[in-house]
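Dear colleague,

Please find below the structure that I am handing over to you. My findings on its aromatic residues and on one helix contact follow it.

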Amino acid sequence: MAGRGRGSWVLGICVALLVGCGGPSAPDVAPGDVRRLLDRRAQAVLDRDAKAYRATGRQAEAWDNLREVPLDSWEYRLTGFERSGARATATADLRYRIKGYDSEPLTTSRTLTLQERDGRWYVAAERPAKKATQQLWDQGPVASVRGAHSLVLGIGRSERVEETLREYADLADRAVPLVRDAWPGKWPQRVVVLVPRSLDGMAGLLGAPASGYQGIAAVTTGEAGDSGAAPADRIIVNPEAYGVLGDFGKQVVLTHETTHVATRAHTSPATPLWLSEGFADWVGYRGTGRTALQAAPELRRAVQREQLPGALPEDDAFGFSGDAGKLAQAYEGSWLACRMIADQWGEERLTDFYEAVGAHKKRPGAVEDALSDVLDTTQEEFTARWRTYLRAELG
């Protein structure tokens, strides 16, 4: 009896150890299951397989929004996973490439709400991660129109929407050869134009308050100073401001934004906004016959009031502060600075100057060195010459 009791005691200790300490718990296999789920979801997007997409989660609307976007790649990379029973939240980097336009994938962060049913995980919802920008298909069904040098993506699918997107494509197709003629550097010579429904939609794509883009017809996104291994830029249109422009203004805006696409590889933190914006306006107006009196009305009024600017505009002059007149003067003065270089030194020197400034990578000394090396002048002499040019053109 004693021996039997001792054995029971030993057995009880072993059981207690197994139950109480138990060794390492089995790893949660859910993250691996979710990775495979996202792989299937990505493949369904690329294969245009609606049934396979729905099998990853009941989201017919999300599928429909995306189906007209021409894609060359689509991939999720799981970056975070938090589980609470049969529900979970995941974050993932979505990397995608638009076919024929992006040389490298564009990356954006996404948050996915997940639900487990019968031992399998499904996507209940997908949205931009916190602090990430929206993608166009987050705003509704995307329609696409291809031009000779452009791809235009807009919200809504109707005959009227398609006609509007075709007009954008025609303008962009005219802009690309104009920029190619003015800018000798290597660039993709194709553009992607995004047309949201409203100013708020534009702001969502940029991840910024709508008030900052009130009255701005379009902007171009992209990393400055790229060597070529990056996605194509996106020209994002504010349909509310763009829509009130005439045909001439619409063309100038698209040509201006296309110039930013072309010059991106030579635009760096060293490039002041007066040069990048002024050069883009110079290309936009180039060959149109537009005079300074016609294209610089705000600065003309300032000159006539004997309020000639004392220096080229600083970067903060290009932020929308509610004073539309000051913002217009910044753009007009910058355009005339670049126009002056083209008139007095030649167009080739202007593009050389742009490249020389951007090659510095850092702001201090960049403009001064380029003025000396390319234009054989100083900052003081250049500014004085520019002010004289303003008086002559606008006085």
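A charge is taken to sit over a ring if NZ of Lys or CZ of Arg is within 6 Å of the ring centre and within 35 degrees of the ring normal. Please note that the model is a predicted one. Arginine 385 lies over the face of tryptophan 345, at 4.2 Å from the ring centre. A further case is arginine 117, which is placed over the face of tyrosine 122 at 4.1 Å from the centre of the ring.

Aromatic pairs

A pair of aromatic rings is described by the distance of the centres and the angle of the planes. Rings of Phe, Tyr and Trp pair if their centres lie within 6.5 Å, and by this rule the count comes to 17 aromatic pairs. One of them joins tryptophan 183 to tyrosine 354 in an edge-to-face arrangement, at 5.7 Å centre to centre and with 75 degrees between the planes. This pair links distant parts of the chain, 171 residues apart: tryptophan 183 belongs to the loop between α5 (159-182) and β7 (191-195), and tyrosine 354 to helix α13 (residues 347-358). Are these two residues buried or exposed? Tryptophan 183 has a relative accessible area of 1% and is therefore buried; tyrosine 354, at 0%, is buried as well.

Because tryptophan 345 lies in the loop between α12 (324-344) and α13, and phenylalanine 382 in helix α15 (residues 379-394), the pair ties together parts that are 37 residues apart in sequence. Buried means under 20% relative accessible area, so tryptophan 345 counts as buried with its 17%. Phenylalanine 382 is buried too, with a relative accessible area of 1%.

Elsewhere, Trp74, Tyr76, Tyr96 and Trp137 form one aromatic cluster.

Helix packing

Helix α15 also packs against helix α11 (residues 297-304), at an angle of about 100 degrees and with the axes 10 Å apart. The two helices are therefore roughly perpendicular to each other. On the α11 side the contact is made by Leu299, Arg300, Val303 and Gln304, and on the α15 side by Leu390, Arg391 and Leu394. By class, this contact has 4 nonpolar, 1 polar and 2 charged residues.

Yours sincerely

Definitions and conventions:
Residues are numbered from 1 along each chain as its sequence is written. This is a predicted model: local features need pLDDT of at least 70, side-chain atom pairs count only at pLDDT 80 or more; totals for chains, interfaces and linings use all residues. Side-chain values use heavy atoms; hydrogens and water are left out. Rings of Phe, Tyr and Trp (its six-membered ring) pair if their centres lie within 6.5 Å; planes under 30 degrees apart count as stacked, over 60 as edge-to-face and the rest as tilted. Helices (H or I, at least four residues) and strands (E, at least two) are DSSP runs, numbered from the N terminus. Buried means under 20% relative accessible area, exposed over 50%, partly exposed in between (1.4 Å probe, protein chains only). Axes are lines fitted to C-alpha atoms, for helices over the stretch in contact, and angles run from 0 to 180 degrees between N-to-C directions. Angles under 35 degrees count as roughly parallel, over 145 as roughly antiparallel, 65 to 115 as roughly perpendicular and the rest as oblique. Contact means heavy atoms within 4.5 Å. Ala, Val, Leu, Ile, Met, Phe, Trp, Tyr, Cys and Pro count as nonpolar, Asp, Glu, Lys and Arg as charged, and the others, Gly among them, as polar.
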